[in-house]
Structure formats: C-alpha cells, structure tokens
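Me: I'd like to learn how to read aromatic rings and helix packing in a protein model. Could you take me through it step by step?

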Amino acid sequence: MSNLLTRRLALLADERHREVLRGGLRGIERETLRVQPDGHLAHTPHPKGLGSALTHEQITTDYAETLLEFITPAESDIAITLDKLNSIHRFAYTKLGDELLWSQSMPSQLPAEEDIEIAWYGKSNLGMLKHVYRRGLALRYGKAMQCIAGIHYNYSLDERLWRLLDEHETTGRRLSPMAYQSEAYLATIRNFRRYSWLLMYLFGASPALNSSFLRGRPHKLDTLSDDTLYLPYATSLRMSDLGYQNDAQSGLRPHENSLDSYVATLTRAVNQPYEPYQKFGIKDANGEWQQLSTNVIQIENEYYSTIRPKRVIRTGERPIQALCNRGVQYIEVRCMDVDPFEPVGINVQAGRFLDTFLLFCALEESPSITSLQGEHYANNFARTVKEGRRPGLMLEKDGKPVPLKDWGMELLERIRPAAELLDSLRGDSAHADAIKAQLAKLQDPDATPSAAVLRALEANGRSFAKFGLEQSEKHAAYFRSHPPSALEESYFAKLAEESLAQQAEMERVQTGSFDDYVKAYRASNLCPNRS
C-alpha cells in the first residue's frame, strides 16, 4: 500500500469519521434486449404498459427500440439496489406477453439492418432529438452495435468524505469543495484506467457471439459452430474492438488529468467536423434528419468510455454543462458485462467487490497519466478482454512485463484493507468474502464467468443462440413465478401512467420547429471559457 492509502484508511477507520463511509450511493442501469420466444429480436414497439421511454425514470430504452434499460433509484447499499432492480424486472415481465429478456451482453440472432428499429420517443422536439441522435449512431456504427447490452454501475462517496480528506491533507490555498470533489473523482477515474483490466478478467462474460453480429465484416475470431464465433481465452468480446470504437474517437484520450481537460476535450469533439461524417450530411436526399451533426461526436454521450464522471442533469441542461456548473457528483462504470447466469445480470457479491475496488481507486495515489501511459493502460485492457485467460499472459506494469495472475493477486492484496474497513462498518465479512471469491478466479481461470460461458456453450451444441435462449427462458421462469406484489404493481403502474401523461403534455404544448430546436441545442454554450 502507498503511504497515502494507509493514511486515508486510518483516517476513515477513526470512530469520529467512520460515519462518512456509510454515505454514498449505488445505482445500476441494466440493458437487455426484448426477444421472441425463438430468441430472435422482437419487432414490437416498446410496451405501452411499461410507460413512456422518454419520460419514465426507471424503465426506458437505449439505442434500439427493443433494447430495454432498467434504471434503479440510487441507494446506500448495493443489496437494496439489486432488490429494486429485481422489482423492475418482475413488473416488466407482466407487460411482455410471450417475449423474453435476453440473458447476454451480445445480441441474439439479428435480422437485416433495415429490420432493426431505432428507439422511438414520440413527436416532441426532445423525443425527436433522442431518435435522430440514434439515427446518427446507426449511420456511423451500424445498427448491430445498437443491440449490445451491459451493466452500468453508478457510484458515489459521501460528500463529507471529500471534505474530510481535504481538511487533513491540503496545506496552503484550498480548492473550493466542488473543485476538490471533482478532481478527486477524476483521480479515481485515472486509477480505474490503470486497473480496470482486472474487472474484465474477473467479470467478463462475453467470450463468444452470434455470427450475425459481424455483418460479414473481416475478423480474427475462431469458429465454434455454424452460428457462433469466439476466442478461446477471451473474457469480454463486448469490450473489444468489435464494439463501439472507431477512428473518429481515437484521438480523445487521455483527457482525465483534470475536469478542465476532460470538458475541453469533449467540447472540441462536439464541435470538430469529421470528414467521413460530413460526406453523409445531416439530412438525407429526402430532407430527413439522419444525424444531429457531422462532427466527431454528435453529443457528449456518444463518447465511448469505460467510465464517466457524471452529474444529475436538470431540465434542458446538457451533461457537460452540469459538470461545469456543479462539478462531478458520481462516476458511472460502463464496462461490466451482463452476467448470463444471474436473472438481473449482476449479483450482490460482484457489487460488494466493485464497491471495494472503487473505494481503493478513490483513496490510492493517482498521479497524472501521460499519453504513453494511457496507451499502455489501453493495451492492458485490450489484451485482457481478448485473451485474459491465456496461460502466462503478460501485461505491462511500470514499463515492464508482468504476469496478469501475479499482478492481479498483488492488486487484491492492496485492495483488501479497503474491504476490511467496509466490513468493520457492517459487522460481517461480505467485502472480504468478495475478495476471496475473486482470488479463486485468479488462481484458476476456469472459475471465471467467461470460462463458465464456454463450458455452457459446449453443453448447448456450441451454439451461442441456444445457450442464450436457454438462460433467457430460465430467467423468465424465475420472474414469472415471482410476480410483483400488489403494492409494487400499483407503484409501477402509476409511474407508467404518469410518464405517458408527461410525454403527451410535452407534445401538446410544444412550439417551434425541430430544425430550430436542434440549431439552438447545438449553439448552446457547453462550458464557458472552455474550448
């Protein structure tokens, strides 16, 4: 452990300060495709019984019309968060008819591009903005990419914790509390960049995919069966270069050495023309909108990242404006695969480990990242997602090669004191047990989720489609046999009704053309004095 981490853990272990560790919040966003009973993509619109995808706070859609997104309220304990996620799933199944929720991160058998529907949010200007943005994504990346699902883990620490660290460590001129907290979260993100390869080894669960996903593109995957491609030592093909990565965004890193740097980089990307996108044009030959701009990214959310600094936005506010105006409030971890063996896609033990890992990242020393270091961290991540279970795999640490297994075990030992501190608050060993479970995966690669997926594929005729459908049916049976309580049913029905009414009202009172709306949106100053 570094001296800084040791001092901070000791400070937080003091009886006078332990209470700040009980604060902080955990939220989950789980994406999942609606599929037909045969496992093929559903072609039905977003079920009206779930409410409005535009205005519902807990049930919406992501990129494709069939890609549901369930958003939990933020809770102080991940176990409560997962209970809320379970409730959303159980209610959703009462409105799905015979459709299933797909159990995998990588999509099921996909139809032709023109038969994948882009998410629709109604005729309001805001709804059309969201829809046209997704048209742009389809134009730039293809619609198959819009069918990938993941788990996003939202994490914050009590704001009092940052003030406590500031008081005990800062000498001389202090930053404002907002600025200190923002820079502390950026430091957390830098450590995440250094060590997130470990998460992909431990939790990656997409070593194979349906061959329809690649659309005939060249690849270096191996053939497992007629409909399934894979890499024998892969952990997460979802997070490999098969996913949302392209040349346009390749120059956006590193930019997380400060909030100013992060904001400036995204502001430039939103405003910088990109010739291949300019060739498409903003509108097609019929005058229909097909993307919001011809710049590197249309809006800041298009930036593809494994982790983001976040702030809850206000009505009419853009994400970067929220960060500029009020600083970083939490971080969003975006690299977690859906666990196909868990009905809600993640279990409480994984959550306990993430809490421990992120606390470690927040408290450990985190110097600035040079461009060369950024390349090394990206290479470690890329190597792990494609061949993380390869015997003797080497990563680069401080400019020298090191076995993944050795570095992983060393990291778990460095993280362990954070787990012990969290357990001391609870009076149990939940976080230490989570560390122990991850240690077993490092000692035996066959204990990883990605290895378990490959074993299950072998038992299902080596077919990704068959395995995915079998797991989806198992999860559906679980949720249908545990319907929501009357209270839960009433709660979600009311949210659905209110969201539909809210969307209808937005459409009723709307004024001005969509062209003018987009023009004003693009002209809005993302962040004063940053360009």
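**Rings and helices, one at a time**

Reply: Happy to! In this predicted model, Phe 192, Phe 203, Phe 353 and Phe 357 are joined into a cluster by ring pairs.

Me: What describes a pair of aromatic rings?

Reply: The distance of the centres and the angle of the planes describe a pair of aromatic rings. Here the count comes to 15 aromatic pairs. One of them is Phe 91 with Phe 492, a stacked pair with 5.1 Å centre to centre and 25 degrees between the planes. It counts as stacked because the planes are under 30 degrees apart.

Me: Which helices hold Phe 91 and Phe 492?

Reply: Phe 91 sits in helix α3 (residues 78–93) and Phe 492 in helix α17 (residues 486–509), so this pair ties together parts that are 401 residues apart in sequence. Phe 91 is buried, at a relative accessible area of 0%, and Phe 492 is buried too, at 3%.

Me: How are the rings of Phe 192 and Phe 357 arranged?

Reply: Phe 192 and Phe 357 are edge-to-face, with 6.1 Å centre to centre and 75 degrees between the planes. Phe 192 belongs to helix α6 (residues 177–195) and Phe 357 to helix α11 (residues 348–363), so the pair links parts 165 residues apart in sequence. Phe 192 is buried, with a relative accessible area of 0%, and Phe 357 is buried with a value of 0%.

Me: Which residue lies over the face of Tyr 121?

Reply: That is Lys 130, at 4.9 Å from the ring centre of Tyr 121.

Me: Now helix packing, please. At what angle do the axes of α1 and α11 cross?

Reply: The axes of helix α1 (residues 3–13) and α11 cross at roughly 115 degrees and come within 9 Å. The two helices are therefore roughly perpendicular to each other. On the α1 side, Leu 4, Leu 5, Arg 8, Leu 9 and Leu 12 make the contact, and on the α11 side Phe 360, Ala 362 and Leu 363 do. Sorted by class, the contact has seven nonpolar residues, no polar ones and one charged.

Methods. Residues are numbered from 1 along each chain as its sequence is written. This is a predicted model: local features need pLDDT of at least 70, side-chain atom pairs count only at pLDDT 80 or more; totals for chains, interfaces and linings use all residues. Side-chain values use heavy atoms; hydrogens and water are left out. Rings of Phe, Tyr and Trp (its six-membered ring) pair if their centres lie within 6.5 Å; planes under 30 degrees apart count as stacked, over 60 as edge-to-face and the rest as tilted. Helices (H or I, at least four residues) and strands (E, at least two) are DSSP runs, numbered from the N terminus. Buried means under 20% relative accessible area, exposed over 50%, partly exposed in between (1.4 Å probe, protein chains only). A charge sits over a ring if NZ of Lys or CZ of Arg is within 6 Å of the ring centre and within 35 degrees of the ring normal. Axes are lines fitted to C-alpha atoms, for helices over the stretch in contact, and angles run from 0 to 180 degrees between N-to-C directions. Angles under 35 degrees count as roughly parallel, over 145 as roughly antiparallel, 65 to 115 as roughly perpendicular and the rest as oblique. Contact means heavy atoms within 4.5 Å. Ala, Val, Leu, Ile, Met, Phe, Trp, Tyr, Cys and Pro count as nonpolar, Asp, Glu, Lys and Arg as charged, and the others, Gly among them, as polar.
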